[in-house]
Amino acid sequence: MLAAAGHAVRDFGTASEAPVDYPDFIRPVAEAVARGEFERGIVLGGSGNGEAMVANRVCGVRCGLCWNEQVAVWNRSHNDANMLSLGQRTISESEALAIVRVWLATPFEGGRHIARIRKIDEGCK
């Protein structure tokens, strides 16, 4: 879906359904986004919670867990999120695809949210 829509895609793994230590796969995505190699990143996990936590430990990343399209809109428009976390156990594949489409299409509103983003990023000097 992403590549077909013209997005550059890099899969950071895993290529198996076997349990893994998700930080081993999430941190490299977050670091690539923070370095500017990618404008945005999308991570997946069982609930998406741990994945968002790992990503948000990397300075310059603002990753939000989204479970519906409206939350995805706020994630981008209010928080200028550069990473999206999805929980495979909490939403269907069609819901996940809809969330990704909305998240990618939603711009940051700026305005009153800029000062909040600066406060989020204060610790990353």
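**Exercise 1. Determine which backbone atom the side chain of asparagine 82 reaches, and describe the surroundings of asparagine 82.**

Step 1. The side chain of asparagine 82 reaches the backbone nitrogen of arginine 62 at 2.8 Å. This is a polar contact, meaning a pair of N or O atoms within 3.5 Å; within protein, one must be able to donate a hydrogen and the other to accept it, and residues adjacent in sequence count only if both atoms are side-chain atoms.

Step 2. The model is predicted: local features need pLDDT of at least 70 and side-chain atom pairs count only at pLDDT 80 or more, while totals for chains, interfaces and linings use all residues. Residues are numbered from 1 along each chain as its sequence is written, and side-chain values use heavy atoms, with hydrogens and water left out.

Step 3. Asparagine 82 sits in the loop between helix 3 and strand 3. Helices (H or I, at least four residues) and strands (E, at least two) are DSSP runs, numbered from the N terminus.

Step 4. With a relative accessible area of 11%, asparagine 82 is buried (buried is under 20%, exposed over 50%, partly exposed in between; 1.4 Å probe, protein chains only).

Step 5. Leaving aside neighbours within four places in sequence, the contacts of asparagine 82 (heavy atoms within 4.5 Å) include Val33, Glu39, Arg40, Gly41 and Trp103.

**Exercise 2. Work out how strand 3 is paired and whether its residues are buried or exposed.**

Step 1. Strand 3 pairs with strand 1 in the parallel sense over 5 bridges; two strands pair if DSSP finds at least two bridges between them. Glycine 41 has methionine 83 as its bridge partner, and valine 43 has serine 85.

Step 2. Strand 2 also runs parallel to strand 3, joined by 3 bridges. Here the partner of cysteine 63 is methionine 83.

Step 3. In a regular strand the side chains alternate between the two faces of the sheet. In strand 3, Met83, Ser85 and Gly87 point one way and Leu84 and Leu86 the other, and all are buried.

Step 4. Since 5 of the 5 residues of strand 3 are buried, the strand is largely enclosed by the rest of the structure. Strand 1 has a covered face of Gly41, Val43 and Gly45, and an uncovered face of Ile42 and Leu44.
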